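Colleague: I am new to this structure. Could you take me through parts of it by question and answer?

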Amino acid sequence: MEGSRRVRLPLLLAGIGLVLIGLLAGILVMLVVMNDRLPEPARPAVVERVELGSRSPGARYLPADSSAPVVAADARTLNRLFKEVARRVTPAVVYIQVEAREDGSERWFHNFDERFGRRSPRQSVGSGVIISPQGYVVTNNHVVSGADRITVTLSDKRQYEATIVGTDPNTDLAVLQIDPGSSELPVIALGNSDEVEVGEWVLAVGNPFRLTSTVTAGIISALGRQVNIIEDSFGIEDFIQTDAAINPGNSGGALVNLAGELVGISTAIATESGSYEGYGFAVPVNLVERVVSDLIAFGEVQRGYLGVEISPVDARRARALGMEHIQGVFLSRVWRGLAADRAGLRTGDVVLSIDGHEVNAPNELQSAVARRRPGDRLDIVVWRNGTRARFNVELLGRDDPVFENWVSELERQSVPPELAPAPPPGETQHEVTELAPWGLGVRELGARERYVFNVEDGLYLAYVTHGSVAAAAGLPRDVVLLDVDDRPVASVAEAREAFAQAAERGEPVLLRVLRRDGVTAFFELDVPEGH
């Protein structure tokens, strides 16, 4: 009897334990369910929220991070996939007709084509993509710039008059709106351009040469391209490059992946003939979504600024800074009083990452900042004096009083020779000599410069020509040029010889300059075309 009690006691205790575990599990499930049903705290609505894009129609054909072995698809399967994506996307891409003033939309195309040796005729048509049921259409700024009247035609021949909601020349984007009344509009699904990879299949949908609803196929050829077509001090170029055929009239059209998701807005082509030659460029959809949301909500982009001038890091600059690898973006100037300066960043720092993402080209840094708003904070890691340092930077907006001073100073950096500052009374100033191919105006140092900069040798940089290779490198005026490719220069003749030798080599030239604050900075200039 005693033995049976000893057996039953552990069984009884085990049973009680299981009951308790069941009760606890039940309580936890109830808490989770109740928590899910609790309403989230209400947030003050500043503007009416507009949902951009339709629901994603499905998963990617080949996930970017898939560890599964790649299985070759037969031609019939791929053909069916292309047809399905084209059928789904084409209705959301519209044909845009623009009646513009003579100084309007064609100017951008002329400037772009002149870079490749040809002046194209006036462009009066383009493409756009419907991104919301409320009738919002995204296109390129250059398509509608200067427009007096805009007509939007859908693939099913419905036609609407459109109004401009807002434009952003810095990214060459614009938002239009049409009034569909009670009719439903086809809305494109938005993808994630950060997940796009080189080699991925894409389709371009647009209206080249007035051939409406044209679909072409290709792959992603490259990412993060900068092709210098946006002529603005704050221009942002972080293009997706594709070999899908893009021609005049495709501008503002859709670049989509094989899930039928928008990954970019077709913007430009690199060509010498004026037509497709294998290189097309699109604004990434993640940047498009950021810009479009602000244009709809505010009529303009609420953009945050660091307040820096930047340039690439090459092998020579990396060695000079004691870096083990060629990486990051060089801060050739940190403007006093702006966001970067307030956070502790300094001229000569190399930005390695922003919010944990590496940046290795100036346009990558620009794009990372362009996606943020004034007041947002960035976690920035830099290389300084042989070590890494971390800074928390709060971006400033255009309403900050220091911003206006910054813009004014940027505009003053390009000063023609006849407007260069006059010498102080009693001092003879040397004549300014223009190194024309490079865009520099230099003169020998006077007593004033030697005193202000606390230097004996070098050349005073009086002006930098707008649009020159020097301006593209971010080289400022009002500095002392010390070295050209590690070769000291103390006269105009020495500078001419040093630049001429660099042109003969056909390699970029590295300049070392001295600022008024005593900081030494480096700038790399590309060899001008034709030299």
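Modeller: Contact here means heavy atoms within 4.5 Å. Helices (H or I, at least four residues) and strands (E, at least two) are DSSP runs, numbered from the N terminus. The model is predicted, so local features need pLDDT of at least 70 and side-chain atom pairs count only at pLDDT 80 or more, while totals for chains, interfaces and linings use all residues. Residues are numbered from 1 along each chain as its sequence is written, and side-chain values use heavy atoms, with hydrogens and water left out.

Colleague: Which elements cover the buried residues of helix 8?

Modeller: Buried means under 20% relative accessible area, exposed over 50%, partly exposed in between (1.4 Å probe, protein chains only). In helix 8 the buried residues are Pro 362, Asn 363, Leu 365, Ser 367, Val 369 and Ala 370. Their cover includes strand 9, helix 5 (285-298), strand 14 (308-312), strand 15 (329-334), strand 16 (350-354) and strand 18 (377-384).

Colleague: Which residues is Val 292 in contact with, leaving aside its neighbours within four places in sequence?

Modeller: Val 292 belongs to the largest nonpolar core, as does Ile 131. With neighbours within four places in sequence left aside, the contacts of Val 292 are Leu 52, Ile 131, Val 138 and Val 175.

Colleague: Is Leu 525 buried or exposed?

Modeller: Leu 525 sits in strand 26 (residues 520-525). Not counting residues up to four places away in sequence, Leu 525 touches Trp 438, Val 469, Ala 470, Ala 473, Pro 508, Val 509 and Leu 511. Its relative accessible area is 0%, so Leu 525 is buried.

Colleague: With which side chain does the side chain of Thr 153 make a polar contact?

Modeller: Thr 153 lies in strand 4 (residues 147-153) and is buried, with a relative accessible area of 12%. A polar contact is a pair of N or O atoms within 3.5 Å; within protein, one must be able to donate a hydrogen and the other to accept it, and residues adjacent in sequence count only if both atoms are side-chain atoms. At 3.0 Å, the partner of the Thr 153 side chain is the side chain of Gln 159.

Key
A nonpolar core is a set of buried Ala, Val, Leu, Ile, Met, Phe, Trp, Tyr and Cys residues joined through side-chain atoms within 4.5 Å.
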